[in-house]
Amino acid sequence: MTEAQANGQHDSQDRTRKPLELPTGLASTQDIPLSYARTISWFSLVLILMCSLVLSFFVSNKAREALLTRQERFAQVLVENLNHQIFQRFALPTLVAHGRIALRQPAQFDRMDQVVKSVIHGLPVARLRIYDPYTRAVAYATDREGLGKQGLAPAKLDAVLESLSTSTTMVSTIPTWQAPFRIPLEKGTFVLQVLCPLRGESIQPDVTPPVMGVLELTQDITGDYEQVMAIQGIIVLMCLMSSMVLFILLHMLLRRAERILAERMLKNRQLENEIHSNEKLVSMGRVVASIAHEIRNPLGIIQSSAELLKSRPDRNDAASSRILAAVYDEALRLSRTVNDFLDYARPVKPNKIPIDLNMVLDQAFAFMEVETQKQHVTVERDTPPDLVIPGDKDLLYRAFYNILVNGLQAMNGEGKMKVTARRENGNVVLEFLDSGPGFDPKTVNSILDPFFTTKEAGTGLGLPIVQSIVISHGGRMELANGETGGALVRVMLPGEGND
Ligand SMILES: Nc1ncnc2c1ncn2[C@@H]1O[C@H](COP(=O)(O)OP(=O)(O)OP(=O)(O)O)[C@@H](O)[C@H]1O
Ligand SMILES: [Mg+2]
């Protein structure tokens, strides 16, 4: 049996092959712009940052207001208490004893000092002063500074005397905006100043008590202010951190999406190219296949005539015999190429019945026995006994035969051909490993292209036909190089249950 016979002819089988259609919408995915998402992520970062700054400003302002309100309330309660204590424990007894109040007299000043200090003892009061309501001079001061001096009274003193109401002012030695950058702040940087009229208590209900002076209470609130700023700092920091984390997450997601999109776009482009070239191949294949079909019959006549003439040596001289042999050989080669091409261009539909792959392998090895012996190639076979799958034994035989012939041709002399089989997830996995040079990494991607060959007399259709047979059985073929060299062809065929 010749290789041409082994490859066989399957004209009668199904030759229909639909051209692949280009999936619609592929091109549109290439136009998906992601730059807008990048802009959005930057925009959201700026937005989150601005929102967090506004929020922190708002929260810290509220905290400062709450602090001031608390201190004001405290100061008012203290001032009321002082007013009462001074009147009860100093003003009344002094008036009764001396007829008039004169703080310049040391005894009266000491009494007053005693009363004031007993009230403010342990409380956060930095300084307390009482101004004379007529001369505006300092009548009393806990630190005794500026006693009797005029011009030390705050500007709001007149307004307080006029309205007889309390006034609160925050005084700072530095601009408020600089405070966060100058932490820790010096003592006395932020001071709360409360001015309040000091009045006697009314003995008769309809008589308004006279104003005895103006009380100035000074509280150092730098510590509290620092705490407010610390809260503000924490809020800003937290907002910054959370927005950074959000931004990084968004950025990572975006990068991932971009990568996936790029990969998909590449795949789509490859698929498109494949579809285009397949379409071209299919239409070209149809034309060439019909020409090849027409060539085959006259070729058969040439081949058989040459064979007939060759078999009549009595009628031929030596030169004619040589020419006839050449005509016969070339006709044979041409007919093999035409048959291979027809097989590839119009792949057959497998006629599947349960077959044992061992039997198919036996047949292929038996057919090649002469050749393997001639080349001194040893055959190692490791296949389990039961390898029944639904398959077309003729087609599978041709597939295995093509793989084995390639192996023998690659070894080109002595060597070893190893065939193993195993069941895996319901499939049968066959591996053909030869001890030749292996697939050339430079051309391995083109090996399955029809007509790719590195052999002088090759058609380059052997492996494409194998692949088409394997695919027609619902299987898969992989080309690789063995761990210790040689070419490895792996064929996966669906088992019985997977038909
Ligand atoms: N076992 C192998 N070891 C190394 N290279 C191989 C092997 N099998 C195939 N190839 C390479 O793949 C190419 C394509 O193989 P394919 O069987 O499709 O065609 P061919 O063998 O060249 O021609 P034909 O099968 O028609 O004789 C070969 O020319 C060869 O370069
Ligand atoms: Mg081949």
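In which sense do β7 and strand β9 pair, and over how many bridges? In this predicted model, the two strands run in the parallel sense, with six bridges between β7 and β9 (residues 415–424).

**View 1. Pairing of β7 with β9.** The parallel pair β7 and β9 is joined over six bridges. Within this pairing, Val 379 stands opposite Met 417, a residue of β9.

**View 2. An open sheet of five strands.** The strands follow the order β7-β9-β10-β12-β11, and their pairing is mixed. The edges are taken by β7 (377–382) and β11 (476–481); each has a single partner strand, so one side of each is left without a neighbour in the sheet. From one strand to the next, the twist averages 15°.

**View 3. Helix α8 on the sheet.** Helix α8 (residues 357–375) packs on the sheet and touches β7, β9, β10 (427–434) and β12 (487–494). The direction of α8 makes about 165° with that of β7.

**View 4. The shell around ligand 1.** Ligand 1 is surrounded by 19 residues, the closest being Asn 406, Thr 453, Thr 454, Lys 455 and Thr 459. By class, the shell consists of seven nonpolar, nine polar and three charged residues. Helices α9 (393–411) and α10 (462–472) each supply at least two residues of this shell.

**View 5. Threonine side chains at ligand 1.** An N or O atom in the side chain of Thr 454 is 2.4 Å from an oxygen atom of ligand 1. For the side chain of Thr 453, the corresponding distance to a ligand oxygen atom is 2.5 Å, and for that of Thr 459 it is 2.5 Å. Taken alone, ligand 1 exposes 590 Å², of which the protein buries 94%.

How values were computed. Residues numbered from 1 in each chain as written. Chains lettered and ligands numbered in written order. Predicted model: local features only at pLDDT ≥ 70, side-chain atom pairs only at ≥ 80, totals over all residues. Heavy atoms only, no water. Near = heavy atom within 4 Å. Polar contact = N/O pair within 3.5 Å; in protein donor to acceptor, adjacent residues only side chain to side chain. Areas by Shrake-Rupley, 256 points an atom, 1.4 Å probe, with all protein chains shown as cover. Helix = DSSP H or I, 4+ residues; strand = E, 2+ residues; numbered from the N terminus. Nonpolar A, V, L, I, M, F, W, Y, C, P; charged D, E, K, R; others polar. Pairing = 2+ DSSP bridges. Axes fitted to C-alpha atoms, helices over the stretch in contact; angles between N-to-C directions. Contact = heavy atoms within 4.5 Å.
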